[in-house]
Amino acid sequence: MKPLWRSVIISTALLISGIVAVGVAPNLLAQQELAKAQSRWAERDFKRYRMVVETDSGFSQVCRQDVEIENEKVINVFQDCKKPGSFVEQPTVTITDLFNELEKYTAKTECGPNGCSCDGVISADVSYDPQLGYPRQIELKLKQFNFVEQWMHPQARRGAIAKLQGGGCTLIGFVGHKIKVLFLTPSPAEAKKL
């Protein structure tokens, strides 16, 4: 009888480990990809650049900014869209700012507007420039939790328990957001120094 219980316990432990690995692996891969991209960006040979960024919040017209940046601070604005608000309404104007925002979404800790148990988390699909590492395109969207993720995430777990006790979800909408870096090049003043 003893070997049967031992094999049941070992099989259960392996099953749980496998389920946890499936839930955790995608987050780790996204974080590793982000770290590699940040490293490539840090190794670039210029500190001054010009870029054009386009943001589509899904609610209004596309916002386009054309800015010049030196040492990750905006020094010149050639085109701007005057929209007050947060990251999702107005483009972030330096690559470092985009990386900082991406850290939040690749960690998958930001819940959707209706809470993690209803919406899941806000995640980012990102494509990075292969040479310089900056994010070329970011698409924010809701990612529903699978069963394991639901119980591993503290906010989602609390929400799921509340739903089981009769609580419901609100109907606050979420429209995916897209950010594209259309153009990025070292500034002419920087190119002369090289």
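Student: Which residues is Tyr 49 in contact with, leaving aside its neighbours within four places in sequence?

Tutor: In this predicted model, Tyr 49 is in contact with Trp 41, Arg 44, Val 67, Glu 68, Ile 69, Glu 72, Thr 94, Ile 95, Leu 184, Thr 185, Pro 186 and Ser 187.

Student: Which residues have the most contacts inside the largest nonpolar core?

Tutor: Tyr 49 is one of them, together with Trp 41, Met 51, Ile 95, Val 181 and Leu 184. That core has 24 residues.

Student: Which elements give two or more residues to this core?

Tutor: Two helices do so, H1 (2-42) and H2 (95-106). The strands that do so are S1 (48-56), S2 (63-70), S4 (121-128), S5 (135-143) and S6 (177-186).

Student: And where does the largest share of the core come from?

Tutor: The largest share comes from H2, which supplies five residues.

Student: Then let us stay with H2. Which of the residues in H2 are buried?

Tutor: Ile 95, Leu 98, Phe 99, Leu 102, Tyr 105 and Thr 106 are buried in H2.

Student: Why are they on the same side of H2?

Tutor: They are on the same side of H2 because they cover an arc of only 120 degrees around the axis. As a general point, an α-helix has 3.6 residues a turn, so residues three or four places apart point the same way.

Student: How many residues does H2 have, and what span does it reach?

Tutor: H2 has twelve residues. From its first C-alpha to its last it reaches 16 Å, close to the 16 Å expected at 1.5 Å a residue.

Student: Thr 94 was on the list for Tyr 49. Where is its place in the chain?

Tutor: Thr 94 lies in the loop between strand S3 (73-79) and H2.

Student: Is Thr 94 buried or exposed?

Tutor: Thr 94 counts as buried because its relative accessibility is 2%, and the cut-off for buried is under 20%.

Student: What does its side chain make a polar contact with?

Tutor: The side chain of Thr 94 makes a polar contact with the side chain of Asp 97, at 3.0 Å. Not counting residues up to four places away in sequence, Thr 94 also touches Tyr 49, Met 51, Ile 69, Glu 72, Lys 73 and Val 74.

Student: A change of topic: how many helices and strands does the protein chain have?

Tutor: The protein chain has six helices and six strands. From the N terminus on, they run α-β-β-β-α-α-β-β-α-α-β-α.

Student: And what percentage of the chain is buried?

Tutor: Buried residues make up 36% of the 194 residues in the protein chain.

Definitions and conventions. Residues are numbered from 1 along each chain as its sequence is written. This is a predicted model: local features need pLDDT of at least 70, side-chain atom pairs count only at pLDDT 80 or more; totals for chains, interfaces and linings use all residues. Side-chain values use heavy atoms; hydrogens and water are left out. A nonpolar core is a set of buried Ala, Val, Leu, Ile, Met, Phe, Trp, Tyr and Cys residues joined through side-chain atoms within 4.5 Å. Buried means under 20% relative accessible area, exposed over 50%, partly exposed in between (1.4 Å probe, protein chains only). Helices (H or I, at least four residues) and strands (E, at least two) are DSSP runs, numbered from the N terminus. Contact means heavy atoms within 4.5 Å. The expected span of a helix is 1.5 Å times one less than its number of residues. The arc is that of the directions from the helix axis to the C-beta atoms. A polar contact is a pair of N or O atoms within 3.5 Å; within protein, one must be able to donate a hydrogen and the other to accept it, and residues adjacent in sequence count only if both atoms are side-chain atoms.
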